[in-house]
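Please examine the sequence and the structure shown below before reading on.

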Amino acid sequence: MSLIIDLKSVSKSYTIGKTTLQVLQQVDFSVAKGDLVSIVGSSGSGKSTLMNIIGLLDRHNSGEYYLNGTAVDQYDEAQLATLRNQTMGFVFQQFFLLPRLTAINNVALPLLYRGIRGKQANKMCEAILERVGMKDYLNHKPSELSGGQQQRVAIARALVGNPSVVLADEPTGALDSKIGQEVMDLFVQLNRDEAATIVIITHDQHIAKQCNRTVRIKDGLINKYDYGNIN
Amino acid sequence: MNWWLQIQEAYANIISSKLRSFLAVLGILVGTGSVVAMVSGGQLATAHALKQFSELGTDLLAVSVMSNSSDSTPELSTQDVMALQKKIPAIVNEAPYSTVYTDVSYQGEKIQANIIGSVPELQEVVQITLSMGRFISRYDNYEPYCVIGKEIAESLRKQGIKNPLNKQLRVGSRYYTIIGVANDWKENAFFNNDINKSLIIPINTAKFISAHASISNIVMKLVEYANIDLVQQQIEKEFQRISSDKQLFFRSAKQLIDSMTSQRNTLTLLLALIGSIALIVGGIGVMNIMLVSVVERRREIGIRKAVGASSKDIRELFLVEAIALSVLGGLLGVLVGLFTSYIIATFAGWQFEIFLLPPMVGFFVSVAVGIFFGFYPAYKASLLDPIQTLRAD
């Protein structure tokens with residue numbers, strides 16, 4: 001299986017004033033195509049930093065990052081933006097939909113930055129919204145949708161560009177457990193039926209257990225646990 | 001992302017916060033409006049004044065002749081002056097004249113009149129039309145004939161003279177026979193006397209009235225678009241030859257218009273500067289509102305960056321929005337400014353016309369203001385770190 005994400009000995013530290021905070025220490029981490037992997041850790045463990053680095057939102061200080069086999073350590077800001085647009089799909093705890101835009105226009109946002117718009121974009125957005133069960137809410141604004149519905153729209157936005165990997169940061173954190181489980185079921189389905197590669201960051205053991213594999217991060221160091229395939 | 005999409009996004013953003021956008025637009029509107037109104041108003045005033053001058057004839061040149069020393073030099077002769085026309089091709093026609101002062105009366109009743117000794121050419125050069133009789137001709141030479149202005153004819157009418165032709169006026173110690181009556185004559189900046197209040201006599205007879213009568217002025221009609229400066233030089237040169245002690249003073253429409261235009265231009269510039277201050281204040285308003293907008297939309301910026309917007313995309317997003325506000329304000333401001341200048345023109349009694357320059361300048365300056373004041377907020381927006389803005393609160 002080809003590796004989509006391959007971090008080799010990646011370190012990240014922040015300097016605040018005179019103190020240097022080592023957030024990640026020589027982390028090795030990889031995600032293969034079709035993986036459903038969870039990153040588990042307490043707050044301050046460095047799991048968000050890891051996700052930001054994987055998602056090309058943040059840069060590491062040392063080590064190597066291969067995305068689809070290509071080293072991206074030397075990419076500049078504009079190249080990273082393009083790469084993010086083409087290979088990453090983000091799902092956030094707080095959904096982060098643009099309140100002004102309807103569901104379909106929110107989903108179309110990544111396509112816009114790819115130069116896809118008009119009828120073609122609408123077709124793609126409708127298809128993906130149907131896939132996440134939001135077909136009847138195309139022209140609803142986020143304020144007219146429930147939390148679970150908003151997260152489904154956000155997942156559609158993450159998937160619409162057919163990214164290499166979907167990065168979900170506490171995707172169920174703002175939802176009650178029943179709705180949270182529905183969202184988790186959607187991730188599992190997408191992984192199973194469409195071989196979507198998904199990385200979920202969570203502190204919820206129950207969510208982690210539903211993934212094929214769990215990586216535990218503590219004090220910037222990674223321990224690996226393999227739960228095996230639950231299916 | 002392409003510009004058309006950016007504009008659509010900007011439009012949606014502007015619509016979504018109507019009151020705030022309205023305030024930003026208002027600032028630019030007032031600024032652009034005042035620039036356009038003031039500059040248009042200035043130009044309308046200039047056009048009005050120029051039109052008044054053009055009606056007088058922009059092709060006229062007045063020459064005043066002053067003697068430096070008295071007696072010693074020979075008098076300037078009519079023949080010498082009339083010869084200028086043949087030597088300087090730019091002179092189409094010319095009329096020397098002298099003004100003499102003495103009492104004028106009709107049957108013992110005094111009449112207020114200027115006495116102008118001149119040549120037949122005067123009629124054409126300063127455009128005198130006659131209601132009766134004829135103008136002086138070159139065959140009148142030393143004949144005591146005169147043409148009277150409209151107001152003199154009126155004062156004669158008060159004395160019961162309905163047809164003044166062939167009546168005799170006493171001018172000094174001599175009698176002059178009226179041979180013509182002029183129509184109402186419009187004042188002319190290049191002719192020193194009011195024809196309506198004048199008696200025009202053959203220039204040779206002026207000597208009979210006053211021994212000191214001499215050619216003191218020449219009014220010339222030039223070819224259209226003549227090089228006035230060159231013509232003046234040529235006249236100076238000719239005079240050097242004819243009588244070197246004469247000092248010449250020129251008065252041309254070009255001179256008058258030039259000095260007036262430069263005054264007006266200064267005024268217009270001043271007005272434009274005052275308007276620009278309003279425009280800058282408007283620009284600061286746009287910057288202020290855009291800065292607030294950047295802070296408010298921090299999360300949106302983070303989201304956009306996460307889905308693949310580059311810093312350049314973000315910068316353009318906000319820049320286009322600032323420009324859109326300015327363009328909107330600029331367009332409305334141009335309309336308001338033109339309307340204001342229309343009102344000014346109506347009240348001042350000027351003829352209203354639309355000059356292309358002020359609206360164009362107003363519009364493009366407002367766009368430039370939008371770019372200038374929109375750049376900093378847009379730059380700030382582009383620098384925002386998506387990690388910071390996407391942190392869950």
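The model is a predicted one. In it, 22 residues of chain A are in contact with 20 residues of chain B. On the side of chain A that touches chain B, helices α2 (77-87) and α3 (103-112) each supply at least two residues. The largest share of that side, 6 residues, comes from α2(A). Classified by residue type, the side of chain A that touches chain B holds 11 nonpolar, 5 polar and 6 charged residues.

Within chain A, helix α5 (residues 147-159) packs against helix α6 (residues 177-194) with the axes 10 Å apart and an angle of about 20 degrees between them. Because angles under 35 degrees count as roughly parallel, α5(A) is roughly parallel to α6(A). The two helices, α5(A) and α6(A), form a right-handed crossing. From α5(A), the contact draws on G147(A), G148(A), Q151(A), R152(A) and I155(A), while α6(A) contributes I179(A), E182(A), V183(A) and L186(A). These residues comprise 4 nonpolar, 3 polar and 2 charged.

Within chain B, the axes of helix α8 (residues 253-296) and helix α10 (residues 311-348) come within 11 Å and cross at roughly 145 degrees. The crossing of α8(B) and α10(B) is right-handed. On α8(B), the contact involves G282(B), V286(B), M290(B) and V294(B); on α10(B), it involves F318(B), E321(B), A322(B), L325(B), S326(B) and G329(B). By class, this contact of α8(B) with α10(B) consists of 6 nonpolar, 3 polar and 1 charged residue.

Conventions. Residues numbered from 1 in each chain as written. Chains lettered and ligands numbered in written order. Predicted model: local features only at pLDDT ≥ 70, side-chain atom pairs only at ≥ 80, totals over all residues. Axes fitted to C-alpha atoms, helices over the stretch in contact; angles between N-to-C directions. Helix = DSSP H or I, 4+ residues; strand = E, 2+ residues; numbered from the N terminus. Left-handed = near helix turned anticlockwise from the far one by under 90°. Contact = placed C-beta atoms within 7 Å. Nonpolar A, V, L, I, M, F, W, Y, C, P; charged D, E, K, R; others polar. Parallel < 35°, antiparallel > 145°, perpendicular 65-115°, else oblique.
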